[in-house]
Amino acid sequence: MKNLLVITLMLSLFSCGGFQAQRVSGDESDEKSLEITDAWVTRDTENAVEDILKKMNDHRGFKNYRLKLGRRPKVFIADFGNQTAEPYFPVDDISDEFLTQISETGEFILIDAAARESLLKEIQYQNDGMVSPAEAKKIGNAAGADIMIFGNVRMNPRKRNGKTLKEYTVNLRMTDISRGVEVMRTRTRVNKYSEQSKVGW
């Protein structure tokens, strides 16, 4: 009798709209996560990389560089560095997405994956995610690259109107190896916030 009462009560709660499950697609799930959580999700990675590539394409200095080069540049791309306070931040996903999207443009010649992995092991990162000009030239020449691209992700947390706001910045720098000079730098910002539900979750 007691068990029957408990089951009846639970069914009553669910039927009154206390809880409602909903099946959503992967895209819809990410969109909902963007709105209700400060956790970084797949859609954030895709949006950040798309914005970075758009800014690269629009960058005047990079346009001039490509015009003078007169051909598709051969590019060495280092893995993005995690400079957030979150040890499990999915920075590898950003590196993979950037490599994938930049390859899909067809506007660059990417260093062979095996050679890239071998050279990455030799790179010593500085705090800003760059290597010294001499080291960059050495690595670039070994790879036969025209330019090197380094990136990192940073995060600045703060409070705003009772919400926890995390401002992520995805930063990118490009260096002309032969001259040892910076061709361009750009960044994109992603703001994530969460607000605890009044009924708790």
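Along the sequence, the pattern is α-α-α-α-β-β-α-β-α-α-β-β-β. That makes seven helices and six strands.

Some overall values next. The chain has 201 residues, and 37% of them count as buried. The accessible surface is about 12,800 Å². Carbon and sulfur atoms hold 50% of that surface.

How far can we trust it? The average pLDDT of the chain is 77. At least 70 is the score for 68% of the residues. Confidence is highest in α3, with a mean of 95. It is lowest in helix α1, residues 2-15, with a mean of 48. Two stretches also need care. Over residues 17-26, pLDDT stays under 50, and the model has five contacts there beyond four places in sequence. Over residues 196-201, pLDDT again stays under 50, with three such contacts. Where pLDDT is low, the predicted coordinates should not be read in detail.

Now to the aromatic rings. How many aromatic pairs are there? The count is six. A pair of aromatic rings is described by the distance of the centres and the angle of the planes. Take W40 and Y168. Their centres are 5.0 Å apart, and the planes stand at 70 degrees. That pair is edge-to-face, since over 60 degrees counts as such.

Where do the two residues lie? W40 is in the loop between α2 (26-36) and α3 (42-58). Y168 is in strand β5, residues 163-176. So the pair ties together parts that are 128 residues apart in sequence. Are these residues buried or exposed? The cut-off for buried is under 20% relative accessible area. W40 has 11% relative accessibility, so W40 counts as buried. Y168 has 0%, so Y168 is buried too.

Compare a second pair, F62 and Y65. This one is stacked: 6.4 Å centre to centre, with 15 degrees between the planes. F62 and Y65 both lie in helix α4, residues 60-69. They are three residues apart, about one turn of the helix. Both F62 and Y65 are buried.

Back to W40 for a moment. Ring pairs link W40 with F89 and Y168 into a cluster. W40 also touches T45, a residue of helix α3.

The charged end of R66 sits over the ring of F108, 5.4 Å from the ring centre.

Last stop, F76. F76 is in strand β1, residues 74-77. Its relative accessible area is 0%, so F76 is buried. Now look across to T175. F76 and T175 are 99 residues apart along the chain. Their C-alpha atoms are separated by 10.0 Å.

To recap, keep two places in mind. W40, F89 and Y168 form a cluster through ring pairs. Helix α1 has the lowest confidence, with a mean of 48. Thanks, everyone.

Note on methods: Residues are numbered from 1 along each chain as its sequence is written. This is a predicted model: local features need pLDDT of at least 70, side-chain atom pairs count only at pLDDT 80 or more; totals for chains, interfaces and linings use all residues. Side-chain values use heavy atoms; hydrogens and water are left out. Helices (H or I, at least four residues) and strands (E, at least two) are DSSP runs, numbered from the N terminus. Buried means under 20% relative accessible area, exposed over 50%, partly exposed in between (1.4 Å probe, protein chains only). Accessible areas come from the Shrake-Rupley method with a 1.4 Å probe; for residues, only the protein chains shown count as cover. Rings of Phe, Tyr and Trp (its six-membered ring) pair if their centres lie within 6.5 Å; planes under 30 degrees apart count as stacked, over 60 as edge-to-face and the rest as tilted. A charge sits over a ring if NZ of Lys or CZ of Arg is within 6 Å of the ring centre and within 35 degrees of the ring normal. Contact means heavy atoms within 4.5 Å. pLDDT is the predictor's confidence in each residue, from 0 to 100.
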